[in-house]
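Let us go through this model by question and answer.

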Amino acid sequence: MEQETQELRRAGLKVTHPRMRILQIFEEVRHLTAEDVYKRLLASQEDIGLATVYRVLTQFEAAGILVKHNFEGGQAVYELDRGKHHDHMIDVDSGKVIEFVSEEIERLQQEIAARHGYVIEDHSLVLYVRPKRK
C-alpha cells in the first residue's frame with residue numbers, strides 16, 4: 001500500500017481510492033485492458049465505474065506509470081512502466097500477452113540498423129504466435 005502511495009505522489013497524482021486500487025491490480029497482473037481492470041474491480045465489489053477506469057488509465061499513462069500498447073486486432077493493453085525493455089508475443093487464439101527478452105534479437109537489430117547507416121532510437125517488437133500443433 002505504501003509503495004503505491006509513493007508511486008502516485010512521485011507522479012504528481014493525488015492519492016485516491018480508485019487510483020490506489022487500479023495500481024494494485026497492475027501490481028498483481030502484468031497486461032490488462034480497461035475492461036479487464038473493470039471486471040477485476042467488479043469481482044472485488046469495488047464501486048468504481050468504467051469511465052473512472054479509463055480516466056485513471058489515461059492519467060497513469062500521461063504520468064509515466066503505465067505504458068499503453070495497441071496490438072493488432074485487439075483493444076489497448078496496459079502494463080506498468082518499469083523502465084526495462086522487453087518485447088512481446090501475442091497468442092492469436094487466446095489474446096495472451098507474453099513478455100520476453102532476447103539479447104540476440106537486440107544485437108541483430110542494432111547490426112541491421114548500423115548496416116543501413118542508422119542508429120536505433122526506439123523500437124517495439126511484437127510477434128503474433130499460435131501454439132504448435134502436435
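Reader: What are the ground rules?
Author: This is a predicted model, where local features need pLDDT of at least 70, side-chain atom pairs count only at pLDDT 80 or more, and totals for chains, interfaces and linings use all residues. Residues are numbered from 1 along each chain as its sequence is written, and side-chain values use heavy atoms, with hydrogens and water left out.

Reader: How many salt bridges does the rule give?
Author: Side chains of opposite charge can pair when their charged atoms come close. The rule asks for a side-chain nitrogen of Lys or Arg within 4 Å of a carboxyl oxygen of Asp or Glu. By this rule the count is eight.

Reader: Glutamate 46 and arginine 21 form a salt bridge; how many residues apart in sequence are the parts that the pair ties together?
Author: The closest N and O atoms of glutamate 46 and arginine 21 are 3.0 Å apart. Helices (H or I, at least four residues) and strands (E, at least two) are DSSP runs, numbered from the N terminus. Glutamate 46 sits in the loop between helix 3 (34–43) and helix 4 (50–63), and arginine 21 in helix 2 (residues 17–28), so the parts tied together are 25 residues apart.

Reader: Are glutamate 46 and arginine 21 buried or exposed?
Author: The classes rest on relative accessible area: buried is under 20%, exposed over 50%, partly exposed in between (1.4 Å probe, protein chains only). Both glutamate 46 and arginine 21 are buried.

Reader: Which arginine forms a salt bridge with aspartate 93 at 4.0 Å, N to O?
Author: Aspartate 93 is partly exposed, at 46% relative accessible area. Aspartate 93 pairs with arginine 130 at 3.1 Å. The salt bridge at 4.0 Å is with arginine 133.

Reader: Which residue stands opposite lysine 68 in strand 2?
Author: Two strands pair if DSSP finds at least two bridges between them. Strand 1 (residues 66–69) and strand 2 pair in the antiparallel sense over four bridges. From strand 2 (residues 77–80), Val77 and Glu79 point one way, Tyr78 and Leu80 the other. Opposite lysine 68 stands tyrosine 78.
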